[in-house]
Amino acid sequence: QVQLVESGGGLVQAGGPLRLSCAASGSIWSINAMGWYRQAPGKQRELVAATTSGGSTNYADFVKGRFTISRDNAKNSVYLQMNSLKPEDTAVYYCNADVRTSWTSSKEYWGQGTQVTVSS
């Protein structure tokens, strides 16, 4: 099994920064894409940012220029630096990873989520 554990959420004032971390552990052969999603109350879960094992990144339009995703392959970890936060960024943020557990098997895993609340 594979576990993803997020940390770094909390309450921040509008315009402030926050950094999320996610570490994967367990039966990991390698990790392909890793990313962050978020879900606000009454809304569907949406992609925030993602990165491949090679370092390519993809961002949702609503965070471009404000958020930066990075990863440490040696630590099986992914990070999300969030700057210039807005009240509309308030949501539960989920870590996601496409994990290869053997030569022939891969599976998508989710973290438990971490709450980010931005006050105006």
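Is R38 buried or exposed? R38 is buried, with a relative accessible area of 6%. The legends below start from the whole fold and then come back to this residue.

View 1. What you're looking at is a predicted model.

**View 2. R38 and its partner E46.** Here R38 and E46 form a salt bridge, and their closest N and O atoms are 2.9 Å apart. E46 is partly exposed, at 31% relative accessible area, while R38 is buried.

**View 3. R38 again, this time with D89.** This salt bridge also has its closest N and O atoms 2.9 Å apart. D89 sits in the loop between strand 8 (77–82) and strand 9 (91–100), and R38 in strand 4 (residues 30–39), so the pair ties together parts that are 51 residues apart in sequence. D89 is buried too, with a relative accessible area of 1%.

**View 4. Zooming out to the network.** R38, E46 and D89 belong to a network of salt bridges that also takes in R66.

**View 5. K64 meets D61.** These two side chains make a salt bridge of 3.2 Å, N to O. D61 is exposed, with a relative accessible area of 64%. Across the whole structure, a search finds four salt bridges.

Conventions
Residues numbered from 1 in each chain as written. Predicted model: local features only at pLDDT ≥ 70, side-chain atom pairs only at ≥ 80, totals over all residues. Heavy atoms only, no water. Buried < 20%, exposed > 50% of the residue type's maximum accessible area, 1.4 Å probe, protein only. Helix = DSSP H or I, 4+ residues; strand = E, 2+ residues; numbered from the N terminus.
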